[in-house]
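Dear colleague,

I am passing a structure on to you with this message, and my notes on it follow below. Please read them with the model open beside you.

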Amino acid sequence: MTKPTISLHDLRRRIYLKAKAEPQHRFWGLYVHVCKIETLQEAYRLAKSNNGAPGIDGVTFEDIEQSGVEQLIEQLRDELTSRTYLPLRNRIKEIPKGDGRMRRLGIPAIRDRVVQGALKLILEPIFEADFQDGSYGYRPKRSAQQAVHRVAYAIAGNKTHAIDVDLKSYFDEIPHSGLLAKVATRVNDDDVMHLLKLILKAGGKRGVPQGGVISPLLSNLYLNEVDKMLERARRHTMRADGWDHLQYARYADDLVILVDGHRRWAWLRTAVYRRLLEELAKLGVRVNAEKTRTVDLTEAHASFTFMGFQFRRTRSRSGKWCPYFAPRAKSRATLTNTLRDVFRRFVSRPVRRLIAEINPILRGWVNYFRMGNSSRCFSTIRQWVVRKVRRHLMRAKGRKGYGWKRWSNAWLYEDLGLFSDYKIRRFHGAAARPARPAT
């Protein structure tokens, strides 16, 4: 009797459970699953859902759809199974970071994104079993908002000494040899390792390209020992009732460590930072000394930034200290500059066309920041957008002013369809709250 083929979903679950149950196990026989039609089809679906610009060959998703997706999938399967697959060089694009510097992206061709995606689908459940609770970047069922709330919970728990860590050119400086060695601790498959080498070499002699499908998984893996060190420090200093004196949150290369503000834990602040530098030195990862800083939130006006939010402490109406976090000034400026550019480009266009352009920008920005203490910031943004739309309407009529008597705000929102959902939503995400062990 023929044994039924296991689905990709069930395969990934079995791999995860095996990896979780046996932390020292090295997986073999993985390459055949990377080459499967089902894996490649799912990888293509995920790549298409993210859309993105074409690679160095200029081929777009529209081009692939016209020539036939199945043809591409079968071609990739044949190249992978015959071991003749060679990735194209990544297309390099630089985008401004907002601080005057440029972020270097390496954009693979779509065919190479599919192969990277297939490899990620098979490797991800292995390393997900090894990743720590404080890591949130580009992981399944985890988000930046969860990382932000983890930091807020830590501040609420009197962890008021923050170490805001900035890693210098992290993605560009990961050594391939060290990264492959970490993969090999869990993967005993020469074909998979060879494919991974080809993918890394397509991005250059060093680093993982920002823009690659598998890059987030690899970058998380490379820093996993740092996460483990921080997790050990947290558990080692934990009280018998489960209350911890140290917490951390990492999203890709954005890391913040929070330590209990009581003076008896001053030694821990020094010790954990020293151990952090030691672990990073082992990996060859450099700390940006100019941007890495320690902050005591008990001091007046003290604050730090993490994932676009500015954190500080404030007193509640009942007089208790609590965390305050809202969009940082730079995040607001980035939004208004983006919208200002749209208003400038659409100055002579119909207002409905303008609103169709700005609504997705507003919706994406607000959906990311709609938590914590963002209400006041949202009110400012909302008023600013309304005034800009009103100026657009009055300019079209050859008049000055804002037309407050001519059009109501309700008309702007209900008739023109201007984005209006600025409500703060209560956060529901267990992964953000640090787990407490049973006593």
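Lys 141 sits in the loop that joins helix 6 to helix 7 (144-156), where helices (H or I, at least four residues) and strands (E, at least two) are DSSP runs numbered from the N terminus. This is a predicted model, in which local features need pLDDT of at least 70 and side-chain atom pairs count only at pLDDT 80 or more, while totals for chains, interfaces and linings use all residues. Residues are numbered from 1 along each chain as its sequence is written, and side-chain values use heavy atoms, with hydrogens and water left out.

Lys 141 has a phi near 60 degrees, which is positive although the residue is not glycine, and at 83% relative accessibility it counts as exposed. The classes used here are buried for under 20% relative accessible area, exposed for over 50%, and partly exposed in between, with a 1.4 Å probe and protein chains only. Asn 51, also not a glycine, has a positive phi of about 55 degrees; it lies in the loop between helix 3 (37-50) and helix 4 (61-67) and is partly exposed, with a relative accessible area of 46%. As background, most residues other than glycine have a negative phi.

**The chain as a whole**

The chain has 17 helices and nine strands. For 439 residues a compact globule would have a radius of gyration near 22 Å, and the 25 Å of the chain agrees with that; the radius is taken over C-alpha atoms, and the rule is 2.2 Å times the number of residues to the power 0.38. Along the principal axes, the C-alpha atoms fill a box of roughly 75 × 65 × 45 Å. Buried residues account for 48% of the 439. If contact means heavy atoms within 4.5 Å, then 69% of the contacts with a separation of 6 or more are between residues 24 or more positions apart.

**The nonpolar core**

A nonpolar core is a set of buried Ala, Val, Leu, Ile, Met, Phe, Trp, Tyr and Cys residues joined through side-chain atoms within 4.5 Å. Which members of the largest one, with its 124 residues, touch the most other members? They are Leu 123, Ile 257, Phe 304 and Phe 311. Helix 6 (residues 110-128) gives the most to this core, with ten residues. Apart from neighbours within four places in sequence, Leu 123 is in contact with Leu 30, Val 187, Val 192, Ile 214 and Leu 217.

**Three further residues**

Leu 280, in helix 13 (residues 266-283), is buried at a relative accessible area of 2%. Beyond residues up to four places away in sequence, Leu 280 touches Leu 167, Leu 223, Val 226, Val 285 and Val 287; Leu 223 is 57 residues from it in sequence, with 8.3 Å between the two C-alpha atoms.

Glu 79 belongs to helix 5 (residues 69-81) and, at 16% relative accessibility, counts as buried. Leaving aside neighbours within four places in sequence, Glu 79 is in contact with Thr 84, Tyr 85 and Arg 111.

His 25 lies in the loop between helix 1 (8-21) and helix 2 (31-34), and at 21% relative accessibility it counts as partly exposed. Its C-alpha atom is separated by 8.5 Å from that of Val 187, 162 residues apart along the chain. With neighbours within four places in sequence left aside, His 25 is in contact with Lys 18, Thr 185 and Arg 186.

With best regards
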